[in-house]
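Please look over the sequence and the three-dimensional structure below before reading on. The briefing that follows takes up the contact between the chains, then the sheets, and then some individual residues.

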Amino acid sequence: MIVYIIRRLIAAVLLLFVVTAVVFVIFFEVPRLGGQTADDLASRYVGKTAGPEQTHLAAERLGFTDPLYEQYGRFVKGLVAGADYDTGTSVEHCPAPCLGYSFKTQNAVLPDLLDRLPVTLSLAAGAAVLWLLGGVATGVLSALKRGSVFDRGAMGIALAGVSLPIFFTGLLALSIFSYNLKWTPPGGTNPLDQDNPWDWAASLILPWITLAFLYAAQYARLTRAGMLETMQEDFIRTARAKGLRERSVVIKHGLRSALTPILTIFGLDLGLLLGGAILTETTFSLPGIGQYAVIALRNQDLPKVLGVTLIGAVFIILANLIVDLLYAVVDPRVRTS
Amino acid sequence: MTEQEDIYLEPGSALDRAAEPPASGAFLDVRDLRVHFPTDDGVVKSVDGLSFQLDRGKTLGIVGESGSGKSVTSLSIMGLHKAGAAEISGEIMLNGTNLVGLGRESVRKLRGKDMAMIFQDPLSSMHPYYSVGNQIIEAYRIHHDVSKQVARKHAIDMLDRVGIPNPKSRVDDYPHQFSGGMRQRAMIAMALSCDPELLIADEPTTALDVTVQAQILDLIRDLQSEFNSAVIIITHDLGVVAELADDILVMYAGRAAEYASADQIFTEPQHPYAWGLLGSMPRLDRERTERLLPIPGTPPSLINVPDGCPFHPRCAYGELNEGKSETERPVLRDIGDGHQIACHLTAENRLRLWTDEIKPKL
């Protein structure tokens with residue numbers, strides 16, 4: 001078991017470096033292949049009035065003229081040991097782990113992301129609880145009452161849930177519950193503090209439900225399919241033959257097995273969301289990582305985009321790692337093989 | 001115990017059932033059991049008028065090809081058919097209680113405690129995520145209000161009794177860590193954990209190594225004498241029941257073809273289908289003189305069971321009955337000493353065929 005954990009951890013770290021390399025190449029090499037020179041890249045960071053010489057100086061100062069591996073080396077060094085960025089007027093220190101430095105807004109990227117992480121975290125965690133409970137419960141009931149009115153209704157709604165985009169369901173929810181009924185604030189968020197958690201919850205309830213609806217639909221379908229298959233297994237028959245109550249048969253023997261594949265997908269989904277729920281955050285004006293990514297893209301602020309991408313990758317790799325470890329807890333066959 | 005008047009009767013009509021004598025007092029008394037599954041293609045008559053009796057301490061072997069209704073019979077005794085999927089009629093008297101029509105919750109309480117079942121494939125029949133011990137503990141605690149420690153001790157005892165070495169450490173192992181034979185032993189330990197009076201073993205050795213098969217059968221026999229339970233062994237392999245069973249019920253197309261003591265079946269089988277089963281059984285105790293004699297054809301569809309004798313399309317001797325085979329369903333009748341068969345062949349014909357044609361080839 002210890003060996004298994006260590007092996008997974010080493011693999012995760014290696015994977016992270018591969019991801020940084022790939023992302024780095026995509027962001028800094030692909031524009032060059034597309035015909036953009038180092039000077040073109042630098043022109044985004046100097047004023048409109050700057051002439052070619054000044055731009056070229058800026059490109060050199062920013063390191064865009066160096067070979068790519070040197071740029072990547074600097075980036076990795078920044079990740080591990082921190083880096084200093086010369087903005088022209090001063091030298092800014094970006095402490096490790098340095099995810100990059102935005103010359104546009106003249107600040108390091110990581111603090112920005114950490115500022116916005118609580119919002120994204122609140123959104124993802126709350127929605128995850130809702131969609132797991134709702135999706136799995138619906139899926140189990142649908143499987144047990146296969147072909148019933150409930151099953152057909154639930155699967156119909158699930159189909160709608162999978163098909164309807166957030167910017168449709170989200171705007172619909174906003175127009176009904178915020179603008180017409182005025183039950184919830186029309187976007188934005190309140191920080192979670194101990195004195196008034198309700199404000200926090202009220203500002204997030206619509207995004208939670210909207211986001212959870214999308215995922216719950218998918219999870220309901222997956223759970224239903226998994227349960228239908230599991231309940232045909234021989235060990236279910238054995239559990240019944242022992243005289244176990246049907247409820248225990250379903251939950252302890254059926255759901256336990258059917259949930260295992262759901263766990264994998266859940267890890268991926270949650271990891272993906274923690275890297276920013278772009279559509280949901282944009283629709284509900286939530287200042288999270290997703291919104292940050294949209295702003296950075298719009299401003300062509302490459303270090304920020306790179307930072308968001310990397311932090312997203314970190315979350316996905318972390319989530320996968322946790323899922324792998326949980327798998328060993330859930331399935332004894334993984335532990336021994 | 002096989003001298004039951006009711007078995008002679010053509011089962012099915014209300015009149016017949018009214019004429020049945022009162023319960024025989026056998027521990028398990030199945031009467032005119034019918035298990036039908038309505039499907040889109042028609043009604044599947046998996047079991048269609050089956051009767052047999054079994055006493056404590058005795059073993060009944062139910063033998064037949066795939067799809068003859070053996071497993072469906074055992075699952076209906078256990079009450080394991082899905083509600084609504086199967087239409088079950090007739091009587092299953094267990095210790096004086098009719099299980100047919102008994103509430104699901106009442107049957108559930110009997111399951112595991114009064115009647116238990118061992119399944120064919122012990123690997124897929126045990127939950128992969130729970131340790132062997134946990135599964136036995138669970139089975140025990142459903143019917144006994146005891147602490148986990150007590151149940152665990154009982155589980156270790158049971159594993160010891162079924163011959164699993166070092167049960168104290170193996171109790172925490174998972175099914176995949178057991179060998180096939182050990183898994184089946186563990187299944188047996190689980191089934192016997194609540195000391196059931198009726199044990200149904202559905203092809204208990206089919207998924208096992210030949211060398212392990214004999215061990216498992218020995219184990220079942222030893223435990224039976226120890227627990228004095230009634231045992232039903234379901235198999236397609238006459239070899240399995242040869243040593244174990246007191247009585248043998250040969251099933252064909254959901255009905256009894258022949259029902260007699262094991263001695264009678266093995267020394268003087270009367271039904272052509274039983275001849276076929278014996279002829280297709282490889283034997284090591286005789287010299288190999290000829291090839292095995294397989295039964296031609298395949299088992300009939302249980303939706304459209306052939307008219308007359310369901311076996312007639314595959315029977316080599318049907319023409320001896322002057323057309324009766326195609327039109328008239330043979331009734332299970334006693335031909336002496338409690339030996340019952342459902343066959344139109346006359347006693348002379350059967351004797352002649354057996355001594356002249358069948359016996360020399362076996």
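How many residues does the contact take from chain A, and how many from chain B? The contact takes 19 residues from chain A and 24 residues from chain B, where two residues are in contact if their C-beta atoms, placed from the backbone, lie within 7 Å. This is a predicted model, in which local features need pLDDT of at least 70 and side-chain atom pairs count only at pLDDT 80 or more, while totals for chains, interfaces and linings use all residues. Residues are numbered from 1 along each chain as its sequence is written, and chains are lettered from A and ligands numbered from 1 in the order in which they are written.

**The side of chain A that touches chain B**

- On this side of chain A, at least two residues each come from α10 (234-241), α11 (246-274) and α15 (332-336); helices (H or I, at least four residues) and strands (E, at least two) are DSSP runs, numbered from the N terminus.
- The element that gives the most to this side is α10(A), with six residues.
- By residue type, the side of chain A that touches chain B divides into five nonpolar, five polar and nine charged residues, where Ala, Val, Leu, Ile, Met, Phe, Trp, Tyr, Cys and Pro count as nonpolar, Asp, Glu, Lys and Arg as charged, and the others, Gly among them, as polar.
- Helix α11(A) has a kink of about 45°, centred on A:L255, the bend at a residue being the angle between axes fitted to the seven residues ending there and the seven starting there.
- Just after α11(A) comes A:G276, which takes a positive phi of about 115°.

**Chain A as a whole**

- Chain A has 15 helices and four strands, and its C-alpha trace spans about 85 × 55 × 45 Å along its principal axes.
- Of its 337 residues, 38% count as buried; a residue is buried if 20 or more other C-beta atoms lie within 10 Å of its own, exposed if 12 or fewer, and partly exposed in between, with C-beta atoms placed from the backbone.
- Among the contacts in chain A with a separation of 6 or more, 65% are accounted for by residues 24 or more positions apart.
- A:I26 belongs to helix α1 (residues 2-28) of chain A, and A:I26 is exposed because 12 other C-beta atoms lie within 10 Å.
- Although A:I26 and A:L306 are 280 residues apart along the chain, their C-alpha atoms are separated by 9.5 Å.

**The four-stranded sheet of chain B**

- Four strands form an open sheet in the order β2-β1-β4-β5 (chain B), with antiparallel pairing; two strands pair if DSSP finds at least two bridges between them.
- At the edges stand β2 (42-54) and β5 (97-98) of chain B, each with a single partner strand, so one side of each is left without a neighbour in the sheet.
- Strand β1 (residues 28-39) of chain B is joined to β2(B) by ten bridges, and B:R34 stands opposite B:D48 in β2(B).
- Seven bridges join β1(B) to strand β4 (residues 87-94) of chain B, where B:H36 has B:E87 as its bridge partner.
- A hairpin is formed by β4(B) and β5(B), with two residues between them, and B:L94 stands opposite B:T97 in β5(B).
- In the turn, B:N95 has a positive phi of about 55°, and B:N95 counts as partly exposed because it has 16 C-beta neighbours inside 10 Å.

**The eight-stranded sheet of chain B**

- Eight strands form an open sheet in the order β6-β7-β8-β3-β9-β10-β12-β11 (chain B), and the pairing is mixed.
- Strand β3 (residues 59-63) of chain B runs parallel to strand β8 (residues 230-235) of chain B, joined by five bridges, with B:I62 opposite B:I234 in β8(B).
- B:E203 lies in the loop between β7 and α9 (210-227) of chain B, has a positive phi near 50°, and is buried because 20 other C-beta atoms lie within 10 Å.

**Confidence**

- Chain B averages a pLDDT of 86, and 91% of the residues score at least 70; pLDDT is the predictor's confidence in each residue, from 0 to 100.
- Over residues 1-22 of chain B, pLDDT stays under 50.
- Where pLDDT is low, the predicted coordinates should not be read in detail.
- The model scores ipTM 0.85 and pTM 0.81.
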